[in-house]
Amino acid sequence: MRKSHPVRRVVLASAATVSGIVLLLSLKPASDPGGASAAGGAAPPVAAEQPQGGAQAAGSGTVTGDAAQTQYGPVQVRLTMNGGKITKAEAVQAPQGGTSTQKTELAIPRLNQAAMATGSADIDAVSGATYTSSGYKQSMQSALDKMKAAGGSGQGAGGGSAQARTVTGSVAQTQYGPVQVRITVSGGKVTKAETVRAPQGGTSTQKTELAVPRLNQAAVATGSADIDAVSGATYTSNGYKESLQSALDQAGG
């Protein structure tokens, strides 16, 4: 019988070994865990960029004020702000029907424009649309207060504005209608006082227009509800003082 040559057996064994190694190497990339992590490695940088958008929260965003009830229907304002500046103002609700529709179409565009121009609710009423204008200003102030409370108001210089607090007193019922006062307190001092609600209609409107500015001024000057009643507007004055005291109690708490 013919015997195999020893050298031939070594060559065959070496060839088999090399073939096995080649097969193992060809299979390795498919099961390499490093390949899977590399494929997903691009996702984290994208996720890391998203939180940076939070910088827009400072003085930016859209906020809707509370609906202000007027004699002819509710008025509600929505503001869009960017960097502490009003970039858009719009009425979500406004009086409609009959002459109310005409007055709304006349007043709202002007009020929107004034809101963006001044950046505050201290805007002039549109002639012929007093109730709508008053409701607009009230709802707009509510929207500004909400933005400030959320830390999004960029208005006001220095860090003192961040410490300011706006508080609305409870509604005081009077013989001629409700009275409600809102104050802004900064550093323990009343820096602003305004009426959210006051008697309207007939002579009540005249008395409100006469009394409220004086009462607001007195509230800021004294920093308390111990202010004199305005002659000829006793009921409104008493209601104002009652609601003002409620707001001061909340601010002090």
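Q: What does the side chain of Arg182 make a polar contact with?
A: This is a predicted model. In it, the Arg182 side chain makes a polar contact with the side chain of Thr168, at 3.4 Å. It also makes one with the side chain of Asp145, at 3.0 Å.

Q: And where does Arg182 lie?
A: In strand S7, which covers residues 177-186.

Q: Is Arg182 buried or exposed?
A: Buried, because its relative accessible area is 7% and the cut-off for buried is under 20%.

Q: What else is Arg182 in contact with, leaving aside neighbours within four places in sequence?
A: The list includes Gln141, Ser142, Thr166 and Val167, and also Lys192, Ala193, Glu194 and Val196. Asp145 and Thr168 are on it as well.

Q: OK, switching to pockets. What volume does the largest pocket have?
A: About 1100 Å³. It is lined by 36 residues.

Q: Which of those lie nearest its centre?
A: Ser134, Gln138, Thr195, Val196 and Gln200. Val196 is also one of the residues in contact with Arg182.

Q: Where does the largest share of the lining come from?
A: From H5, with eight residues. Strand S2 (68-70), S7, strand S8 (189-197) and helix H7 (203-222) each supply at least two residues too.

Q: How does the lining divide into nonpolar, polar and charged?
A: Twelve residues are nonpolar, 16 are polar and eight are charged.

Q: Now the largest nonpolar core. Which residues touch the most other members?
A: Leu79, Ile86, Leu111, Tyr136, Met140 and Leu144, out of 21 residues in that core. Strand S3 (73-82), strand S4 (85-93), helix H4 (99-118) and helix H5 (130-149) each supply at least two of its residues. H5 gives the largest share, five residues.

Q: What does Leu79 touch, if you skip residues up to four places away in sequence?
A: Gly61, Thr62, Val63, Ile86, Lys88, Ala89, Met140, Ala143 and Leu144. Apart from this core lies another one, of 18 residues, with Ala211, Ala219, Leu244 and Ala247 among them.

Q: Last one: Lys85. Buried or exposed?
A: Exposed, because its relative accessible area is 56% and the cut-off for exposed is over 50%. Lys85 lies in strand S4.

Q: How far apart are Lys85 and Met116?
A: They are 31 residues apart in sequence and 7.9 Å apart in space, C-alpha to C-alpha.

Key
Residues numbered from 1 in each chain as written. Predicted model: local features only at pLDDT ≥ 70, side-chain atom pairs only at ≥ 80, totals over all residues. Heavy atoms only, no water. Core = buried A, V, L, I, M, F, W, Y, C linked by side-chain atoms within 4.5 Å. Buried < 20%, exposed > 50% of the residue type's maximum accessible area, 1.4 Å probe, protein only. Helix = DSSP H or I, 4+ residues; strand = E, 2+ residues; numbered from the N terminus. Contact = heavy atoms within 4.5 Å. Polar contact = N/O pair within 3.5 Å; in protein donor to acceptor, adjacent residues only side chain to side chain. 1 Å grid on protein atoms, 1.4 Å probe; cavity = no way out; pocket = protein on both sides within 12 Å on 5 of 7 lines; lining within 4 Å. Points joined across faces, edges and corners; volume = space filled by probe spheres on them. Nonpolar A, V, L, I, M, F, W, Y, C, P; charged D, E, K, R; others polar.
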